[in-house]
Amino acid sequence: MPSKILLREPAPIDASTSCLWSDVSSLSDLTRIHAIPAEAVAQLVMPPDWTARWTTAWRFGRTLIGSTVRDLHQVDVLSSVPVRRFTWRTDQWHRPGLEYLVSTDRHHGFESYEEELLLLAADFSGSLVEALAQPFRLRFNAVGGPVEHVPDFLLLTHTIPFLIDVRPAGRISFEDDVKFAASAEVALAAGWNYAVVTGWHNHVVGLVDTLSAGRRQLSDPLGLQQQLLSAAADGPQPFSTLVERCTLPAVARAQAIHLLWHRRLGLDMSGPLMDRSTVRLSPVFEAAARVR
């Protein structure tokens, strides 16, 4: 089987149109973030020594170990397990389960469909190192007295850890906002990012779900990945044009999705993945190739 690229010129693309490229998108680019109201922040009791008064509880095996917010940097978070068990019952409303992540090469627990999407998007973000579900129990002081809250995820990334709560828009009470405000203060004190994810920007769910089909290791005995990358080096072009320039287009489609998930190719995320969707060679991958 020949491995050369078929000599078909890519269709012209209007490069003036701004778009979000999948290969450089961050988790923050994909999600809709809830704005915590000032009224909820005002409910927090935060004296000058609040970081020594507010506490967190982490589980290590069967042992529960406490830490003040001030001493969070001393917690061996990678050795911890979820502070609260996941439950499965026939009559429960939410849908828990396990999601496999390429970034960690293992399964992670989630308690709802929205949390499963968050894990999948974090895996797609390209910066995930570890995902800790229900990482700790926070106990803080509010105007009405002590309050407890368990954040949904602590995502460890190549840059800054990301503490996240997941709650669909329209299902956030004022009591939730107070808990979210406290979590935001804890994250700020610890040097983490924090967000309450309420939903997803247009087409994100469908695109990430589609591209996840190519996330696992994929053999390439025909050398189609290199053909795709070489063809993409000619500039942005429709997905169908890119795969048709390969020696076996039907198989090249699967290889292209694999490269899109792993960010060696980038996709214009302004619409669902279709034959006319615009694909490019990732500038990061292109620059790395030039250095080598």
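The lining of the largest pocket divides into five nonpolar, three polar and twelve charged residues. Here Ala, Val, Leu, Ile, Met, Phe, Trp, Tyr, Cys and Pro count as nonpolar, Asp, Glu, Lys and Arg as charged, and the others, Gly among them, as polar. This is a predicted model, in which local features need pLDDT of at least 70, side-chain atom pairs count only at pLDDT 80 or more, and totals for chains, interfaces and linings use all residues. Residues are numbered from 1 along each chain as its sequence is written, and side-chain values use heavy atoms, with hydrogens and water left out.

## The chain

The protein chain has ten helices and 14 strands. Both are DSSP runs numbered from the N terminus: helices are H or I with at least four residues, strands are E with at least two. Of the 292 residues, 47% are buried. Buried means under 20% relative accessible area, exposed over 50%, and partly exposed in between (1.4 Å probe, protein chains only). Among contacts between residues at least 6 apart in sequence, 65% join residues at least 24 apart. A contact means heavy atoms within 4.5 Å.

## Pocket and cavity

Rolling a probe the size of a water molecule over the atoms shows where empty space is left. The search uses a 1 Å grid over the protein atoms alone. A cavity is a set of points where a 1.4 Å probe fits but cannot get out. A pocket is an open set with protein on both sides within 12 Å along at least five of seven lines. Lining residues have an atom within 4 Å of a point. Grid points are joined across faces, edges and corners, and a volume is the space filled by probe spheres set on the points.

| Space | Volume | Element giving the most to the lining |
|---|---|---|
| Largest pocket | about 420 Å³ | H4, three residues |
| Largest cavity | about 30 Å³ | H6, three residues |

The largest pocket is lined by 20 residues. Glu111, Glu115, Asp152, Val166 and Arg167 lie nearest its centre. Helix H4 (113-124), E8, E10 and H5 each give two or more residues to this lining.

The structure holds one cavity of 30 Å³ or more. Leu117, Ala121, Trp200, Val204, Val205 and Val208 line the largest cavity. H4 and H6 are the elements that give two or more residues to that lining. Its residues are six nonpolar, no polar and no charged.

Helix H5 covers residues 174-190. Its 17 residues should span 24 Å at 1.5 Å a residue, and its end C-alpha atoms are 24 Å apart, which agrees. The expected span is 1.5 Å times one less than the number of residues. Buried residues of H5 include Asp176, Asp177, Phe180 and Val186. Their cover includes helix H2 (38-41), strand E7 (137-142) and strand E11 (193-200). Just after H5, glycine 191 takes a positive phi of about 85°.

Helix H9 (residues 249-261) has 13 residues. It reaches 18 Å from first C-alpha to last, close to the 18 Å expected. Among its buried residues are Ala252, Ile257, Leu260 and Trp261. The buried residues of H9 pack against elements including H4, helix H6 (204-211) and strand E14 (278-281).

## Two single residues

Glycine 144 sits in the loop between E7 and E8. Glycine 144 is exposed, with a relative accessible area of 83%. Threonine 68 lies in strand E3 (residues 63-68). Threonine 68 is buried, at 17%.
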